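Have the structure open while you read.

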Amino acid sequence: MKKHLYLFVIAILAASCSYNVYDMNRGELNLAKKDTYQVEYMTDIPQGTTATISYTDKDNTQHIEKLYTGRLDYTVELPSGKSCYFTVDVELPKTTPTSSLHTFVKVNGETITDQTQTNRNAKFRFAFKLP
């Protein structure tokens, strides 16, 4: 009986957690070879929430923006062969209709990823390498 009670409690706790993780490593992109690429990181943080955002910059540094609000639209010129990583962590508000996190990455104007997440805790992870 005790075992069933523990399983019941675990099931309730697991059901109450609502999070969404998008984690993808695209590897080397299939694009025309160039010396440099324009990489655009974009996300729209819903009103009333804050996010932790990190992205790769041209100096091979990983920038971390804590308590970020609003829209992030950051474009950087990166050299060929560069590995890039972009993350967004946010706890979305409980609203009707459900709020969402919309995130995408473009390289030279071509969309590499375009994701919309709607669960309470959204975690976006995206890695890629320029040709």
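## Phe-124

Phe-124 sits in strand β9 (strands being DSSP runs of E, at least two residues, numbered from the N terminus). With 0% relative accessibility, Phe-124 counts as buried, a label for anything under 20% relative accessible area; exposed is over 50% and partly exposed is in between, using a 1.4 Å probe and protein chains only.

Leaving out residues up to four places away in sequence, Phe-124 touches Tyr-22, Phe-86, Thr-87, Val-88, Asp-89, Thr-103, Thr-113, Gln-115 and Gln-117; contact means heavy atoms within 4.5 Å. Thr-103 is 21 residues away along the chain, yet its C-alpha atom is 8.0 Å from that of Phe-124.

## The core

The largest nonpolar core has 28 residues, and Val-39, Tyr-41 and Phe-128 are among those with the most contacts inside it. Such a core is a set of buried Ala, Val, Leu, Ile, Met, Phe, Trp, Tyr and Cys residues joined through side-chain atoms within 4.5 Å. At least two residues come from each of β2, β3, β5, β6, β7 and β9.

Beyond its neighbours within four places in sequence, Val-39 has contacts including Tyr-74, Val-107, Phe-128 and Leu-130.

Leu-67, in strand β4, isn't a glycine but has a positive phi near 55 degrees. Leu-67 is exposed, at 65% relative accessible area.

Asn-108, also not a glycine, has a positive phi of about 50 degrees. Asn-108 lies in the loop between β7 and β8 and is partly exposed, at 34%.

## About the model

This is a predicted model: local features need pLDDT of at least 70 and side-chain atom pairs count only at pLDDT 80 or more, while totals for chains, interfaces and linings use all residues. Residues are numbered from 1 along each chain as its sequence is written, and side-chain values use heavy atoms, with hydrogens and water left out.

Methods
Helix = DSSP H or I, 4+ residues; strand = E, 2+ residues; numbered from the N terminus.
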